[in-house]
Amino acid sequence: MTDQLKRAINAAKTAQTNDQQADATRLASSSAGEQKFDMSESSYKTSHTAVRKARRFAMQGLYEWLVTDRRFDKDGKLGWKDNAPHDIAARTRATNAMHTVHIGYYHEMMRDIPEQIEALDTLISQHLDRDIDKLDTVEHAILLIGAYELQNRLEIPYKVVLDEAMKLNNHFGATDAHKLINAVLDKMATDLRDLEVQADIKANRRSSQKAAAPAAQPQPQPQTTDETKAVTNADDTSETPTTTGKPRISANKAIKRPRANKAQANISDYRASKKASAQGHNEAAAAPTPESTAADVGLQDSNLVNSDEKSKD
């Protein structure tokens, strides 16, 4: 009898525990859509990379929601709706390694964007050249995330929002889809973040003016000081002759002395010696020798004698 009582008591406790777990599961599943996640939660990764990964998972989750429950809701097929955003988030967390993802921001986007889908689609449609139903589903999901951050996350700069949207398109979108996404989000930023955009434009203008100012200013002329004057005066007077008639040699301008060429010197000496020998030969030929002068004198005397004798005859 004692053993039977113990078994009955244990069975009752086990059944009570199972009922409590089932009630807790039902409460968690019913209130999953009402859960709020804080982005500053210390148990989650909150780095820039973790937020970027949260955007990627949110884009995939929104894509799945847009092609299932959202499409069934628009088509009036309410009985087909069986893929709620919180179910997509729970399934994503169960089948993926989310330890490096900002879980709080991921759940926030998966909760708030479906709730604000009508207002966000209206913002997007204002800057589209087509109906929003004709958008590609991937582009629609990226634009929803960008519009949500521009409108609700003012602490994120608008340039970061545009850059992150471009990165999402590079991973999941078409080749030329970045043109449409960039144009729509840029116009939306002008409407939602006008003060931030204008401040950024003014800052870029000031930086460009500062960069162009040094190029436009004229180059300063070098000032002539006493030292430069002394140097110039030394350069000017370095080649002036001194009292001895020789040029003054300065450290700035060294005078190069001409070097005599040996071949030219030999040629000039040879010519001078030839000229001197020729002049000496001519002088020797022109000057009379003693013998020739005596003979000439004798001839002249004989001629004189002969002429006298002839005159006598």
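Select Thr-68 to begin: this residue counts as buried because its relative accessibility is 19%, where buried means under 20% relative accessible area, exposed over 50% and partly exposed in between, with a 1.4 Å probe and protein chains only. Thr-68 lies in helix α2.

The model is predicted, so local features need pLDDT of at least 70 and side-chain atom pairs count only at pLDDT 80 or more, while totals for chains, interfaces and linings use all residues. Residues are numbered from 1 along each chain as its sequence is written, and side-chain values use heavy atoms, with hydrogens and water left out.

Next, display the whole chain as a cartoon. The protein chain has 12 helices and zero strands; helices (H or I, at least four residues) and strands (E, at least two) are DSSP runs numbered from the N terminus. Of the 313 residues in the protein chain, 26% are buried.

Now select α2 and α6 together. Their axes come within 9 Å and cross at roughly 125°; axes are lines fitted to C-alpha atoms, for helices over the stretch in contact, and angles run from 0 to 180 degrees between N-to-C directions. That angle makes α2 oblique to α6, given that angles under 35 degrees count as roughly parallel, over 145 as roughly antiparallel, 65 to 115 as roughly perpendicular and the rest as oblique.

On a 1 Å grid over the protein atoms alone, a pocket is an open set of points where a 1.4 Å probe fits, with protein on both sides within 12 Å along at least five of seven lines, and lining residues have an atom within 4 Å of a point. Select its lining, including Leu-66, Arg-70, Asp-121 and His-140. Two or more lining residues come from each of α2 (48-75) and α6 (137-152), and α2 gives the largest share, six residues.

Finally, move to Tyr-105, in helix α4 (residues 103-115). Tyr-105 counts as buried, because its relative accessibility is 0%. Show Thr-46 as well: Tyr-105 and Thr-46 are 59 residues apart in sequence, with a C-alpha to C-alpha distance of 8.8 Å.
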